[in-house]
Structure formats: C-alpha cells, structure tokens
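Subject: Structure for your review

Dear colleague,

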Amino acid sequence: MAEVCKPLYMAEISASDKPNRKIREALKRSGMRQWQLAQLLGIGESTLVRNLRAELPEKVQADIIELINHARR
C-alpha cells in the first residue's frame, strides 16, 4: 500500500521560519488581527497575506510595525 504524504503546502512551518517574523510577532503582541492591519493599510486581507509570504524590505517592515504599535495605543 502506498504511503500517504501531506502535500508541501500543508507542511507545518514554525513561526520563526515564516517570512516577516517581526510583523507577525508585533501583530501577536498587540492582539491585532491580519484583517485589521489590512484595513489600516487600505488593502484587502488577501493582499496582505500574499505580501507576507515573501520577506518585505526592512523599511517597509519597520513602517508596518510602527503602524501596529501606534494603532494599539
């Protein structure tokens, strides 16, 4: 009988291995959801999720983290 394997897209990826870890951690600390950040950025949630799949430039990450921190004050 053939061995059943999970497709690669279903493989578990630890939070430390995901791109844009600093943004993800800032969201978690603040309690903000991705859809809420997307609203603040003026983009759709699916656009935000797609953008977070690849590492963003440091300046962009810093700006987003600043927005997250400012929104939760």
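The notes below go from the overall fold to the helix contacts, the core and a few individual residues.

Please bear in mind that this is a predicted model.

Overall fold

The secondary structure of the chain consists of four helices and zero strands, so that, as DSSP runs counted from the N terminus, the elements read α-α-α-α. Of the 73 residues in the chain, 19% are buried. Among contacts with a separation of 6 or more, 64% join residues 24 or more positions apart.

Helix contacts

Two helix pairs deserve attention. The axes of H1 and H4 come within 9 Å and cross at roughly 5 degrees. Because angles under 35 degrees count as roughly parallel, H1 is roughly parallel to H4. On the H1 side the contact involves Lys22, Ile23, Ala26, Leu27 and Ser30, and these meet Glu58, Gln61, Ile64, Ile65 and Ile68 of H4. By class, the residues of this contact are six nonpolar, two polar and two charged.

For H2 and H4, the axes come within 11 Å, with a crossing angle of roughly 105 degrees. This value lies in the range of 65 to 115 degrees, and the two helices are therefore roughly perpendicular to each other. H2 contributes Leu37, Leu40 and Leu41 to the contact, while H4 contributes Ile64, Leu67, Ile68 and Ala71. The residues of the contact of H2 with H4 comprise seven nonpolar, no polar and no charged.

Nonpolar core

The largest nonpolar core has twelve residues: Ile23, Ala26, Leu27, Met32, Leu37, Ala38, Leu48, Leu52, Leu56, Ile64, Ile65 and Ile68. Helices H1 (21–30), H2 (34–41) and H4 (58–71) are the elements that each give two or more residues to this core.

With residues up to four places away in sequence left out, Leu48 touches Gln34, Leu37, Ala38, Leu41 and Ile43. Leu48 and Ala38 are ten residues apart in sequence, and their C-alpha atoms are 6.0 Å apart.

Two buried residues with polar side chains

Gln61 belongs to helix H4. Its relative accessibility is 1%, so Gln61 counts as buried. A polar atom of the Gln61 side chain lies 2.8 Å from the backbone oxygen of Leu56. Beyond residues up to four places away in sequence, Gln61 touches Asn20, Lys22, Ile23, Glu55 and Leu56.

Asn20, one of the residues touched by Gln61, is located in the segment before H1. At 0% relative accessibility, Asn20 also counts as buried. For context, most residues other than glycine have a negative phi.

With kind regards

Key
Residues are numbered from 1 along each chain as its sequence is written. This is a predicted model: local features need pLDDT of at least 70, side-chain atom pairs count only at pLDDT 80 or more; totals for chains, interfaces and linings use all residues. Side-chain values use heavy atoms; hydrogens and water are left out. A nonpolar core is a set of buried Ala, Val, Leu, Ile, Met, Phe, Trp, Tyr and Cys residues joined through side-chain atoms within 4.5 Å. Buried means under 20% relative accessible area, exposed over 50%, partly exposed in between (1.4 Å probe, protein chains only). A polar contact is a pair of N or O atoms within 3.5 Å; within protein, one must be able to donate a hydrogen and the other to accept it, and residues adjacent in sequence count only if both atoms are side-chain atoms. Contact means heavy atoms within 4.5 Å. Axes are lines fitted to C-alpha atoms, for helices over the stretch in contact, and angles run from 0 to 180 degrees between N-to-C directions. Angles under 35 degrees count as roughly parallel, over 145 as roughly antiparallel, 65 to 115 as roughly perpendicular and the rest as oblique. Ala, Val, Leu, Ile, Met, Phe, Trp, Tyr, Cys and Pro count as nonpolar, Asp, Glu, Lys and Arg as charged, and the others, Gly among them, as polar.
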